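Please read them with the structure open.

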Amino acid sequence: KIAAEAWEPVSELPAWQWVAENCELPADSELKSFDFELFWLARFALEQLAHNEFLKRFTEMLSAQVGKTVTILGYVAWVIKNRPASLGWYTDTGINAKHDFKTKILPALEACKPVAPLLPPERSKKNNTLIQFGFMNFC
């Protein structure tokens, strides 16, 4: 079953639209929806990250509470489902990385209907420093 879900056709939707339709905002989010008409900078970031073949690195430097984390989490979910490639999530300390995993990353991936079935069921392949999908790694 997992293999069949992993081999579904790649979505033809632009990444920002796929995120809006498939990802949920966390309960504590300041944003009320993925309103990419209003939040055009996030839409631009998603378009560049997902569809610019020359972009190798991306740094987001924006003010607080404008949707940086949820935008990147949406992108991570989009990559896992549509363009599997190993990804890294970097923070300033290991403690913050573990906190992000438990409170942001794993809940966001579990809440995304196309991605949740792809998460490995084994706890040893899904810990606070690495998620080992059968087709990519996220650390």
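1. In which helix do Tyr-75 and Trp-78 lie, and how many residues apart are they? Both lie in helix H4, 3 residues apart. That spacing is about one turn of the helix. An α-helix has 3.6 residues a turn, so residues three or four places apart point the same way. Note before going on that this is a predicted model.

2. The rings of Tyr-75 and Trp-78 form an aromatic pair. Their centres are 6.3 Å apart, with 20 degrees between the planes. The pair counts as stacked because planes under 30 degrees apart fall in that class. Tyr-75 has 15% relative accessibility and counts as buried. Trp-78 is buried too, at 2% relative accessibility.

3. How many aromatic pairs does the rule give? The count comes to 2. Besides Tyr-75 and Trp-78, Phe-133 and Phe-135 pair, with ring centres 5.5 Å apart. Their planes stand at 35 degrees, so this pair is tilted. Phe-133 is buried, with a relative accessible area of 6%. Phe-135 is partly exposed, at 35% relative accessibility. The cut-off for buried is under 20%, which is why Phe-135 does not count as buried.

4. Now the overall layout. The protein has 5 helices and 3 strands. From the N terminus the order is α-α-α-α-α-β-β-β. Of the 139 residues, 35% are buried. The accessible surface is about 8800 Å², and carbon and sulfur atoms account for 56% of that surface. Take the contacts between residues at least 6 apart in sequence: 58% of them join residues at least 24 apart.

5. How are the strands arranged? The 3 strands make an open sheet, ordered S1-S2-S3, with antiparallel pairing. Strand S1 (126–127) and strand S3 (137–138) are the edge strands, each pairing on one side only. S1 meets strand S2 (residues 130–132) over 2 bridges, in the antiparallel sense. Within S2, Ile-131 is the bridge partner of Lys-126. Strands of a sheet pair through backbone hydrogen bonds, either parallel or antiparallel.

6. The largest nonpolar core has 32 residues. Trp-18, Ile-80, Leu-109, Phe-133 and Phe-138 have the most contacts inside this core. The elements giving two or more residues to the core are helix H2 (15–22), helix H3 (40–51), helix H4 (68–82) and helix H5 (94–111). H4 gives the most, with 9 residues.

7. Ile-80 is worth a look as one of the core residues with the most contacts. What does Ile-80 touch, leaving aside neighbours within four places in sequence? Its contacts are Leu-109, Val-115, Leu-118, Phe-133, Phe-135 and Met-136. Both rings of the tilted pair, Phe-133 and Phe-135, belong to residues on that contact list.

8. Turn to H2. Ala-15, Trp-16, Trp-18 and Val-19 are buried in this helix. They cover an arc of only 160 degrees around the axis, so they sit on the same side of H2. What covers the buried residues of H2 includes H3 and H4.

9. Ala-77 is found in helix H4. Is Ala-77 buried or exposed? Ala-77 counts as buried because its relative accessible area is 2%. Not counting residues up to four places away in sequence, Ala-77 touches Trp-18, Cys-23, Leu-109, Cys-112 and Val-115. The C-alpha atoms of Ala-77 and Ala-15 are separated by 9.9 Å. Along the chain, these two residues are 62 residues apart.

10. Asn-82 is found in helix H4 as well. Asn-82 is buried, at 4% relative accessibility. Leaving aside neighbours within four places in sequence, Asn-82 is in contact with Val-10, Ser-11 and Trp-18. Trp-18 is also on the contact list of Ala-77. The C-alpha atoms of Asn-82 and Val-115 are separated by 9.8 Å, and the two residues are 33 residues apart along the chain.

Methods: Residues numbered from 1 in each chain as written. Predicted model: local features only at pLDDT ≥ 70, side-chain atom pairs only at ≥ 80, totals over all residues. Heavy atoms only, no water. Helix = DSSP H or I, 4+ residues; strand = E, 2+ residues; numbered from the N terminus. Buried < 20%, exposed > 50% of the residue type's maximum accessible area, 1.4 Å probe, protein only. Contact = heavy atoms within 4.5 Å. Areas by Shrake-Rupley, 256 points an atom, 1.4 Å probe, with all protein chains shown as cover. Pairing = 2+ DSSP bridges. Core = buried A, V, L, I, M, F, W, Y, C linked by side-chain atoms within 4.5 Å. Phe/Tyr/Trp six-rings, centres within 6.5 Å; stacked < 30°, edge-to-face > 60°. Arc of directions from axis to C-beta.
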